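Please read this report with the structure open beside it.

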Amino acid sequence: MAEMTRRDVLKMAAAGAAAALPGVVPSLAHSQGTQKRELVVAQGGDVAQFDPHMSTSSNDIRVSFNLFDNLTSRRPDGKLAPGLATEWKLQGQTTWVFKVRQGVKWHNGDPFSSADAKFSIERTYDPNAKMRVSTVFTTVERIEAPDAATLVIHTKKPDPLLPARLGFYGGQIVPKKYLDAVGPDTFGQKPIGTGPVRFVSWTKDDRVVLEANPDYWGGRVDFDRLIVRALPEMAPRVAALLKGEVDLITQVPPDQGERIKAHASTVVSGALYGGLYVLAVNSGRPPLDNPLVKQALSLAIDREVIVKELWRGRGVVPSGPIAKGDNHFDPSLPALAYDPKEARERLRKAGYKNEEIVIETTAGYMAGDKPMAEAVQAMWRDAGVNAKVEVLEYSVRAQKNRDKSFKGVWWSDPTSTLRDPDGMMWRLLGPGAPQDYWRHPEFDELGNAARFSVDEKFRADAYRKMTKISLEHFPWIPVIQPYEDYGLQKRVEWTPDPLQQLEIRRFNFKFRRA
Amino acid sequence: MRGLLPFLASRLLRALVALWLVSTVVFVVMRLSGDPVPLLLPPDAPRSEIFRVRAELGLDRPVLVQYAIFLGNVLRGDFGRSIHFRQSAFRVVAGYLPATIELGLSAFVLAAVVALPIGVLSAVRRNSAVDQATMGLALVGQSAPTFFIGILLILVVSLNLGLLPTSGRGDWRNLVLPALTLGAFAMASIARLTRSAVLEVLSADYIRTARAKGVSEALVVVKHTLKNAAVPIVTITGLQFGTLLGGAVVTETVFAWPGIGRLAIQSIYNRDYPVVQCTVFLSAVLFIVINFCIDLIYGLLDPRVRAS
């Protein structure tokens, strides 16, 4: 064998390196589009199980909303569109009639009918079924399925938001025949739905493999397989995206967004969160029982700085307790003001005696929770408030949430599940609700009346008044409405959803094809 | 052979007591740490719903009754049903074991194969450039946090050089970086301890005698030194083996490796008592079995141990 020169060795090394760099090839192909038939998504945690009525966590609903269909479908633009129901109307005050889509099949070939829909909704609140979404359809009195194409839902009182409730968690329609045959445990492991993808396999804490449902009524999705991987750490999740191993990653924090944008083949795409990040207030505990103190706390927060510095501009300053994008959001309201001088003045008027105000925060449960708590603490101290940050573990927070034992203020990220104040402000702040630490007779009266009214003008007026009251009493101190950012390959065309769903149906997802 | 049976019996008894203590401590600590139910239900669930689910999971009964049921079930090999996964806790943990064993074993083999020769070499060439360099590296391996090593490897090897996948479980290529990350600490510990154990033996009188007799240096090291230095090396290697197999939370998290370390942490967050209890119990069994094997190896290596 002839002796190799140093140049030969270098040539071989270069060829070897090029062969070992699979990332190079797809990145060259990006500009021309892709032939990819597999969509790989990475999220921060694994699916717990697939029964859609057993979970409300975002890692689970990203999958379950694609395995299953709802009667109504909440689109990323916030509008409600037909799902398994093609149309619906209110008859009288308390009877909703749904026309159910015909010719739809379950993933195992069984035909879908209105009886499945009736079974599904009844299952959510059936005490024997022991579901985790039993509070979603408390307004329902009874359900009838007079024929395969019709579903009639009678509510206890007028419920203007029933179609919206059917569009979110709890509303996924499950197969009666299959569930009766295999039981809930098998169903939770090997689910069957009517959705655009069907279940193939699940390796716990690694990946869920799904394949396109070729007969999907909404059109076959633009890929053959969907793989949902659990990549808990942010840095490796971003690395997997940059290397081209995955097409889409969730929960991108603002500081990582810059890296993704700087890369040739990846982009960041965000949706304004359908909800708010607020400091919820235990108004029962002095000095937080004094509205002047709470007004001062709100005035002392420089939200612009939080948005600009901590979120790198990926958020907006709220104007009140209703999220931008929701029904009855008032665009004419100004953003919440920052006025430390006025804050000091109101503290003085309130007779504030330097009592300690505790900010209870988790570290990483909500994006940016701890840094934001520290920033607010500093701002409050500047305004003369004796503020202190205490860090809680997530499960301790859940326990305190249950016991209603928060000491002062704490982070909450209320989701507007119905894109309406009833599904957010009233769901969480109403009497007996999880954040019921403050009562106001007029607020309660208005909230109750708005819940059971089908007159949108009346509801708009009620929520306007409730907003005014809440900006005087601050049961929540809204801080930011952030963007939820995703990292994408440029070959992916996809619009993120404000409610953390992963909508991959034909109308919302496609690969840029060569 | 006469001494073996009582030796085995006393070891077994100690192992059982250790297992009982471990399971009791886990049981108590998990109960002290909080209630799983608020984590299972949506935040707006009413109190009645919380009480209903508590009763469904048997958490409304007195703790002593729960403990008695728990112990009885463990004796029958039943760790209960996972609250989070809604299936047998043992089946859940068993599903994660192959990934853990695959990673732990690879990390261990990698660590031992690299560390033992390096340790011996450093000792034999004491204070040479090789010694300085390898022990410097070992110091880094022992002191750099696993998290740091893992992310560094992902960025350099996977992302910049494009050589190996960033994370996940698959073929051998997926295994290299996590095994290296996980094995780094064990590799460093074993190398350093091997070096000092060999050094200690090398300064013994019988080594001087062997050299004086004219035995070749290679034979001195292989025949006279290694066997005498083996007891501490076997100890540390065995302990590292147990640790590596017990699941590696940080490595598994960084590389999204579906092993029992991550399962245990997730289950602690979820207050999934049965899974935590089962994981800890199985890890304890593993550790005790390995310790037991080390004891047996001592006996083989060192006649004095057998005699005592």
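B:Val114 counts as partly exposed because its relative accessibility is 30%, where partly exposed is the range between buried (under 20% relative accessible area) and exposed (over 50%), found with a 1.4 Å probe on protein chains only. This residue is found in helix H5 (residues 89–124) of chain B, helices being DSSP runs of H or I with at least four residues and strands runs of E with at least two, numbered from the N terminus. Together with B:Ile101, B:Leu105, B:Val109 and B:Val113, B:Val114 forms a nonpolar patch on the surface, with about 390 Å² of accessible area in total. Such a patch joins nonpolar side chains (Val, Leu, Ile, Met, Phe, Trp, Tyr) within 5 Å, from residues with over 30% relative accessible area and no salt bridge.

This is a predicted model, in which local features need pLDDT of at least 70 and side-chain atom pairs count only at pLDDT 80 or more, while totals for chains, interfaces and linings use all residues. Residues are numbered from 1 along each chain as its sequence is written, chains are lettered from A and ligands numbered from 1 in the order in which they are written, and side-chain values use heavy atoms, leaving out hydrogens and water.

Chain B has 14 helices and zero strands, and its C-alpha trace spans about 85 × 60 × 30 Å along the principal axes. Of its 308 residues, 47% count as buried.

In chain A, A:Ser120 is found in helix H4 (residues 114–125) and counts as buried, because its relative accessibility is 1%. Beyond its neighbours within four places in sequence, A:Ser120 is in contact (heavy atoms within 4.5 Å) with A:His53, A:Gln172, A:Ile173 and A:Val174.

Side chains of opposite charge can pair when their charged atoms come close. Over all chains the structure holds 44 salt bridges, each a side-chain nitrogen of Lys or Arg within 4 Å of a carboxyl oxygen of Asp or Glu. The table gives some of them.

| Pair | Closest N and O atoms |
|---|---|
| A:Glu38 and A:Arg225 | 3.5 Å |
| A:Arg123 and A:Asp51 | 2.6 Å |
| A:Arg419 and A:Asp326 | 2.8 Å |

In the salt bridge of A:Glu38 with A:Arg225, A:Glu38 lies in strand S1 (residues 38–43) and A:Arg225 in strand S10 (residues 225–230) of chain A, so the pair ties together parts that are 187 residues apart in sequence. A:Arg123 and A:Asp51 are both buried, as are A:Arg419 and A:Asp326.

Notes. Patches are made of residues with over 30% relative accessible area and no salt bridge: like charges are joined within 9 Å, nonpolar side chains (Val, Leu, Ile, Met, Phe, Trp, Tyr) within 5 Å. Accessible areas come from the Shrake-Rupley method with a 1.4 Å probe; for residues, only the protein chains shown count as cover.
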